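The sequence and the model come next.

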Amino acid sequence: MLSRVAESLYWMSRYIERAENVARLLDIGLDLELDSAEIGVDEGFAPVEIALTILACREAFPAEKNRRSRDAVLRFLTFDRSNPQSILSMIARARENARGTQESIGVDVWSEVNRLYLFLGGSRAQRRFARGPSALFASISHSCLLLDGLVQNTLPRDEVYHFLQLGRHLERLDVLCRILLAKCPSLTGEAPGPEVSFQLVRWTSLLRSCSAYGAYLRSERERIEPEGVIRFLVLNSDFPRSIRYAAARCQDSLEAISGGDDDAYGCEAERILGRLESDLRYIDVPEIFDRGLLKFLGSLQGTCYKVSDQIQQSFFLM
Amino acid sequence: MQAPHADEKAVLFGRYKISAYDEMFGSEGAPRAHYAPLFDRLVDMGAAEIERRHKVADLTMRHQGITFTVYGRDQGVERIIPFDPIPRLVSSSEWDRIQRGLTQRVRALNLFIRDVYHNRSIFKDRVIPAELVFGASGYRRDCVGLRVPKDIYIHVSGIDLIRDDRGDYLVLEDNCRTPSGVSYVLKNRQVMKQLFPLLFEEYNVRPVDDYTDKLLSVLRHIAPDGCDEPSVAVLTPGMYNSAYYEHSFLARQMGVDLVEGRDLVLDRGQIFRRTTRGLQRVDVIYRRLDDEFLDPLAFRPDSVLGVAGLMGAYRAGNIGLANGLGTGMADDKGIYPFVPDIIRYYLNEEAILGNVETFRPTIASHKQHILANLEKLVVKAVDGSGGYGMLIGPASTREQREDFARKIEDNPRGFIAQPTIQLSRHPTFVDGRLDGRHVDLRPFVLYGEEIFVLPGGLTRVALPEGSLVVNSSQGGGTKDTWVLHDAPSSSFSPSRAASAHDGRA
């Protein structure tokens, strides 16, 4: 496959995955804020606002809006074209990438990306937002999931598919790290925390931010407590939004792309990911806490950047 | 039962005026035989229903990104081409003549190009002044003596036809470089089938969807010698080109790569594409890029769209190019008046499809006539396209006419003039009713092992009332063109038409 096309597919997939995550974060954040208005808004933990940290665009948020109204933050992260991390900006970039690869992804996938972009940029999305943003976020999430469904069910398992999967899962890995990094300081005592009574709500919110609440309850069959949550979100091998799962899928895709066998690796990215995967397979939660959760997550994110860089080197700059 | 029918007719056709040659209605105002069932069906359906389906069509096109880019500020604006849901019907006998005429024309033009770059017998025999060809902007000295695969230069052409006031088809313009629009032909058809399935079924319409198969065979046919499984690619200038949708559509339908210049590289005289698994050879390129942008080494050094060294690979016979290089001189408007002579010279036949009467300022008497009649004529720059660089006399201002008069004096070789022809008109859905709008027709011709004329073509519509300009860049729209298999009388019995009519209640 053309390197340019591979690169576009990879980025298209990353942007869609991230847009979906932002939509979900905002939806759940909004829900939490409405539910329990008293949760420490003043400590920078306002669930909607924390998305600014997760997306590293707190600085970019217009300073003149000194009173960060919830509505302003939501609009900034949803519709603001000047904010590269807004859902609309990301879908616009996904759409540009899709437009340049229509002949690879097929009419179904392309039309859906295009439709989502036209919807978000149009007046219908604005009206829906005004009536209550939650429904808008849900429909954005659904469109992104529909796109994944179309990819799964209309594309053959060739390079096109695997570059799409690679982008999606690497982005998921990255976003999971970001969410955990943003939400964990106040949870693990590494930063001054609030009273214990709030903790449960917060761990629950963390799980929900990762679409993991129901699955956690069923799988762990235990109360929500820090060790269990970290084990589930970082080390679980079967849950599609765990770090280990995302890393393993990246590796599967890379193997399929480079056509390497089990005993060797085809490129540097594959080697780094292979090592990460075996780390996640054999480490346990006490060791993570021993090393320091934030330090652990930080190095995980560093690995993520390295992999991304190596993919660029091996496939796109040919 | 009759009452609503009459009402609908009053709404739909109430303000319809017949002028020029009307495609649907004869001089007595009754629908022509092959249009009668369509007429009935439209009246049955009614304005509101046509409107509804029209909107569905627009939405489909918008969602699928079936757009073109209008140049202007920034990087251009993506628009959908206005689509008119009323199909144009071409009877079997009309089409037969068009098909024979186009085949003849393309065959002769191809022989002409080969001759100009090799023997030049047409100049020796004084059929065409040599300086006219050598002065054409599409003439490429680099192609002199260059043998191209199977001696085919014009693999894809789109030849614009119009009908005069008697309904005769005339060639308005030859497009032998990279004619656009075939993707709209194929997409319009898909949309029409969804919009009007019953109507479509009633008419016995010749299919168009094998176009891309045929195009792929043509491209494979011109692969370098000894290349059994040629690797084919479509070369696009990129996403901001106005015809990008078409490039991407064609690549997708043929299942080949859509490449940009930066995806290709020359290595030891051969062209390769950069892939995730290293360099892979390309054997045939369907290029949708003008000659001068193809190779910065051979032509414009500032072009970043092409591939450095492509010309060398072409000359060495290592790459097949469609269309061939240097075909632009054949569709130069300065050559156009000579095409009937070209046909006579190479094929020893009379042209089946006529030309529009054309005046050339290089001839003194013509120039005099042109300058004296500017307000009645259409003046065109010989190397212009897309409706740019034109003067439409009857719609022009005194200033514009003076401007063109100066240009013609300065550069007589650079212009031609034609009488303003009232292009035929076709019922078109405007503001909730049907109105006559001027149309032309661009059929597409493929030249590979044999010459194939796609039964159909792009009917372009001048949407503003009274306008004669059909180009999409100038606000034109399109409609589907149905070439019918049989005479309509055999596929339509009166009873069927009547029952369709009754079905409305």
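## Cavities and their linings

The largest cavity is lined by A:M12, A:S13, A:I16, A:L147, A:D148, A:V151, A:L164, A:Q165 and A:R168. A cavity is a set of points on a 1 Å grid over the protein atoms alone where a 1.4 Å probe fits but cannot get out, and lining residues have an atom within 4 Å of a point. This is a predicted model, in which local features need pLDDT of at least 70, side-chain atom pairs count only at pLDDT 80 or more, and totals for chains, interfaces and linings use all residues. Residues are numbered from 1 along each chain as its sequence is written, and chains are lettered from A in the order in which they are written, while side-chain values use heavy atoms, without hydrogens and water.

By this rule there are six cavities of 30 Å³ or more; a volume is the space filled by probe spheres set on the points, which are joined across faces, edges and corners.

In chain A, α1 (3-35), α7 (133-154) and α8 (159-183) each give at least two residues to the lining of the largest cavity. Domain 1 (1-155) and domain 2 (157-317) of chain A each supply at least three residues of this lining; the domain bounds come from an automatic or database assignment.

The second largest cavity has B:L172, B:E173, B:D174 and B:K380 among its lining residues. Strands (DSSP runs of E, at least two residues) and helices (H or I, at least four) are numbered from the N terminus. β5(B) provides the largest share of this second lining, three residues.

| Cavity | Volume | Lining residues by class |
|---|---|---|
| Largest | about 80 Å³ | five nonpolar, two polar, two charged |

Terms used. 1 Å grid on protein atoms, 1.4 Å probe; cavity = no way out; pocket = protein on both sides within 12 Å on 5 of 7 lines; lining within 4 Å. Nonpolar A, V, L, I, M, F, W, Y, C, P; charged D, E, K, R; others polar.
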